[in-house]
Amino acid sequence: MVVVLALACAAASTSAGFSTFDVPGAGNTYLNGVNDAGHMVGTVNYGSSDSFGLLLQPDLSYVTFDVPGAGATTWALDINNAGDIVGS
């Protein structure tokens, strides 16, 4: 299970909210990076040694992906404000 932390800061107050997120059927879900728009990237394992990249939208919709030629492992490590994802 992943816990997503959202912070909203105003001049006079601070509020925080938490959401949990699991990719259905996944053994493990990891989040590694977030950009200013709230798009998050990470990695999903489905109970085997295979790992897939994860793009999680601010509304908690998501897509998993596999980099062609990467073999059994795709790790999404960070995302910039242009939406470019880096990893291995």
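Reader: Leaving aside neighbours within four places in sequence, which residues is Val86 in contact with?

Author: Val86, which lies in strand 8 (residues 85-87), is in contact with Trp75, Ala76, Leu77 and Asp78 once those neighbours are left aside. Contact here means heavy atoms within 4.5 Å, and strands are DSSP runs of E with at least two residues, while helices are runs of H or I with at least four, both numbered from the N terminus. This is a predicted model, in which local features need pLDDT of at least 70 and side-chain atom pairs count only at pLDDT 80 or more, whereas totals for chains, interfaces and linings use all residues. Residues are numbered from 1 along each chain as its sequence is written, and side-chain values use heavy atoms, with hydrogens and water left out.

Reader: How many helices and strands are there in the protein chain?

Author: The protein chain has 0 helices and 8 strands, and its pattern, read along the sequence, is β-β-β-β-β-β-β-β.

Reader: What makes Tyr30, Trp75, Leu77 and Val86 a nonpolar patch on the surface?

Author: A patch takes residues with over 30% relative accessible area and no salt bridge, joining nonpolar side chains (Val, Leu, Ile, Met, Phe, Trp, Tyr) within 5 Å and like charges within 9 Å. A salt bridge would be a side-chain nitrogen of Lys or Arg within 4 Å of a carboxyl oxygen of Asp or Glu. Tyr30, found in strand 3 (residues 28-34), has a relative accessible area of 36%, and together with Trp75, Leu77 and Val86 it forms a nonpolar patch with about 360 Å² of accessible area. Such areas come from the Shrake-Rupley method with a 1.4 Å probe, and for residues only the protein chains shown count as cover.

Reader: Why is Ser51 called buried?

Author: Buried means under 20% relative accessible area, exposed means over 50%, and partly exposed is in between, with a 1.4 Å probe and protein chains only. Ser51 has 4% relative accessibility, so it counts as buried. Ser51 is found in strand 5, and its contacts beyond four places in sequence include Thr43, Val44, Asp66 and Trp75.

Reader: What about Gly42: is it buried or exposed?

Author: Gly42 has a relative accessible area of 0% and is therefore buried. The C-alpha atoms of Gly42 and Gly87, which are 45 residues apart along the chain, are separated by 9.2 Å. For the protein chain as a whole, buried residues make up 24% of the 88 residues.

Reader: Which residues make up the largest nonpolar core?

Author: The largest nonpolar core has 6 residues, namely Phe21, Val23, Met40, Val44, Leu54 and Leu56. Strand 4 (40-45) and strand 5 each supply at least two residues of this core. The name applies to a set of buried Ala, Val, Leu, Ile, Met, Phe, Trp, Tyr and Cys residues joined through side-chain atoms within 4.5 Å, and Phe21, for one, is buried with a relative accessible area of 7%. In soluble globular proteins, nonpolar side chains tend to be buried together.

Reader: Why is the aromatic pair of Phe21 and Tyr62 called edge-to-face?

Author: Rings of Phe, Tyr and Trp (its six-membered ring) pair if their centres lie within 6.5 Å, and planes under 30 degrees apart count as stacked, over 60 as edge-to-face and the rest as tilted. By this rule the count comes to 3 aromatic pairs. Phe21 and Tyr62 form one that is 5.5 Å centre to centre with 70 degrees between the planes, and it is edge-to-face. Phe21 lies in strand 2 (residues 14-21) and Tyr62 in strand 6, so the pair ties together parts that are 41 residues apart in sequence.

Reader: How do you know that Tyr62 is partly exposed?

Author: Tyr62 has a relative accessible area of 37% and therefore counts as partly exposed. Leaving out residues up to four places away in sequence, Tyr62 touches Phe21, Val23, Pro24, Leu54, Leu55 and Leu56.
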